[in-house]
Number of protein chains: 2
Amino acid sequence: MNLALGIDIGGTKISYALVDNNGIINGEVFKISTPKTSNEIKKLLKEIIKDFEEKVEFVAIATAGTVNNENNKVIGSTANLPEGYKEIDFSELSCKKVFVENDANCAAWAEYRIGASKGCKNSIMLTLGTGVGGGIIINGKLLKGRSGGAGEMHFAMSRNKRRQCTCGAWDCFEAYASGNGLRKTAIEITGNPVITTYNVVEGVKNGDMKSIEALNVWQNDIALGILGLANLFDTECFVLSGSMEKFVDVEEVEKTVNELVLTSKVKVYHAKAGNYAGMVGAVLLGNELL
Amino acid sequence: MNLALGIDIGGTKISYALVDNNGIINGEVFKISTPKTSNEIKKLLKEIIKDFEEKVEFVAIATAGTVNNENNKVIGSTANLPEGYKEIDFSELSCKKVFVENDANCAAWAEYRIGASKGCKNSIMLTLGTGVGGGIIINGKLLKGRSGGAGEMHFAMSRNKRRQCTCGAWDCFEAYASGNGLRKTAIEITGNPVITTYNVVEGVKNGDMKSIEALNVWQNDIALGILGLANLFDTECFVLSGSMEKFVDVEEVEKTVNELVLTSKVKVYHAKAGNYAGMVGAVLLGNELL
């Protein structure tokens, strides 16, 4: 079985492991805090790669940020990564081939190849966390767009400038469907300006009516966003991942979407490619594209 | 020069002409009222095709409705076409090869090959008429989706159920960006429940402030929709076509979008593939896909 080194570079930690070409992790997953500067990140990556280089066919990196269409540099959306990160040419980090792709795109690919959307050639993964990420697969290929940035889940859910989004625009899907969106919805419903996402989730567990209402409104916003995506992309299935996805009733969302969708009926699933879907997906994508 | 017979089947009329493989119409464009029943439509198409069959390499049909991925049958969205239309197998209408595709997709392809978005491999055409249609081109290929229905411009612009859309859902892009959307915006702004789209357009010409306000709100809604599409698809350029596009200040829309877009900057153009972009695009697509 051929092995690759999978690396996942996040804002707080870097994870890495040997991954075979079926997407199975071999042995331990190592974790280390993400250094504060780009030079230190580059140095660390070189050291990690050096330790494994001889054993692997190639190196596959999942990273925050937009990756260009040549899959060698990050070109945008690097809010959590230090200055200079965009200057790193990942292909120079190893004597072996290096593949790099956005982490949400990699995770979407892992779901498509070995996870919840396995075999669904037209599928979209939505990562519901503090924000919302996404990866879009069309006819068995990852949608990259003109420069590599496709899949930004920033489309307006309101014309009324109710919530400013992290991107600078107003009322993006992210501002409603994320964990932060749930918090903001709960503030609107409860009138409590300091309520947290955690409070809402606990409230739901304890049968608090306003928390349940907030969760339902949040879930309906997710369904509304998925409906629009389904009409645009004529997607077979949607996969929800991220820290917030476990609070979504996927059957209810699926039902709501299918009552109104104009294209084909959709399936909505919980993710199942696991916590390391990013690095695994990077290896699976690298396998096909390198 | 090889010729094809291009046919455009709309809800009110059927147009047809000989088109060469550069998309140039040869001679007259014929027009005839669309018959009231599917059997009559089928009979008429056979007669039209019979007259031209010997001169052409293939027959290319642009039609209202969703066309399946085998490009031989309409499978959805046939509001303006009679019952039974979905049963027509277009490939049986001629002894020559028959290509059929949705009219908005065909027009988008004509813009991409010979029109405003010529050479833009990632482009989206929006047809602003009574409703809103669309055709999406990704990496030089038409986006069809799972069943052929991709490109439905029905994504929510509001969570508040303000305007029911023709599709049954609420507050779709179509309900704001269409001619009907402009009328509804003008009703909200003027309080006049019987104002027409024509009244607004005339009002703008005459310097009526409320008409100008309505047009600006409408244009801003178009920009908001384009912003979301740009973030999702990382599109290079947008082309506006249809009866309403001439009222859009494309430079203003482009500026508004580019102030907030997360992916690459976009261009927004008026369509220029002409009134017969549907049939011409059908021939150009047929040329590549048959």
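Two strands pair if DSSP finds at least two bridges between them. Strands themselves are DSSP runs (E, at least two residues), as helices are (H or I, at least four residues), and both are numbered from the N terminus. This is a predicted model, in which local features need pLDDT of at least 70, side-chain atom pairs count only at pLDDT 80 or more, and totals for chains, interfaces and linings use all residues. Residues are numbered from 1 along each chain as its sequence is written, while chains are lettered from A and ligands numbered from 1 in the order in which they are written.

**Sheets**

In β10(B), L142(B) is the bridge partner of I137(B). Two bridges join strand β9 (residues 132-138) of chain B to β10(B), and the two run antiparallel. In chain A, D8(A) has S15(A) of β2(A) as its bridge partner. Strands β1 (residues 3-9) and β2 (residues 13-20) of chain A are antiparallel and share seven bridges.

| Open sheet | Strand order | Pairing |
|---|---|---|
| five strands, chain B | β10-β9-β8-β11-β12 | mixed |
| five strands, chain A | β3-β2-β1-β4-β7 | mixed |

In the chain B sheet, β10 (141-142) and β12 (267-270) are at the edges with a single partner strand each, so one side of each has no neighbour in the sheet. In the chain A sheet, the edge strands are β3 (25-33) and β7 (97-102).

Helix α7 (residues 250-260) of chain B lies across β11 (237-241) and β12 of chain B, at about 160° to β12(B). Such angles run from 0 to 180 degrees between N-to-C directions, with axes fitted as lines to C-alpha atoms, for helices over the stretch in contact.

**Helix α6 of chain B**

Helix α6 (residues 209-233) of chain B has 25 residues and reaches 36 Å from its first C-alpha to its last, close to the 36 Å expected at 1.5 Å a residue. The expected span is 1.5 Å times one less than the number of residues. Of the 25 residues of α6(B), 18 are buried, so the helix is largely enclosed by the rest of the structure. Buried means that 20 or more other C-beta atoms, placed from the backbone, lie within 10 Å of the residue's own. Just after α6(B), D234(B) has a positive phi of about 50°.

**The two chains**

A rotation of 180° with 0.0 Å of shift along its axis superposes chain A on chain B (RMSD 0.0 Å). That is the relation of a two-fold axis. The superposition is by least squares on the C-alpha atoms of residues with pLDDT of at least 70 in both copies. In all, 34 residues of chain A are in contact (C-beta atoms, placed from the backbone, within 7 Å) with 34 residues of chain B.

Key:
Contact = placed C-beta atoms within 7 Å. Buried ≥ 20, exposed ≤ 12 C-beta atoms within 10 Å, placed from the backbone.
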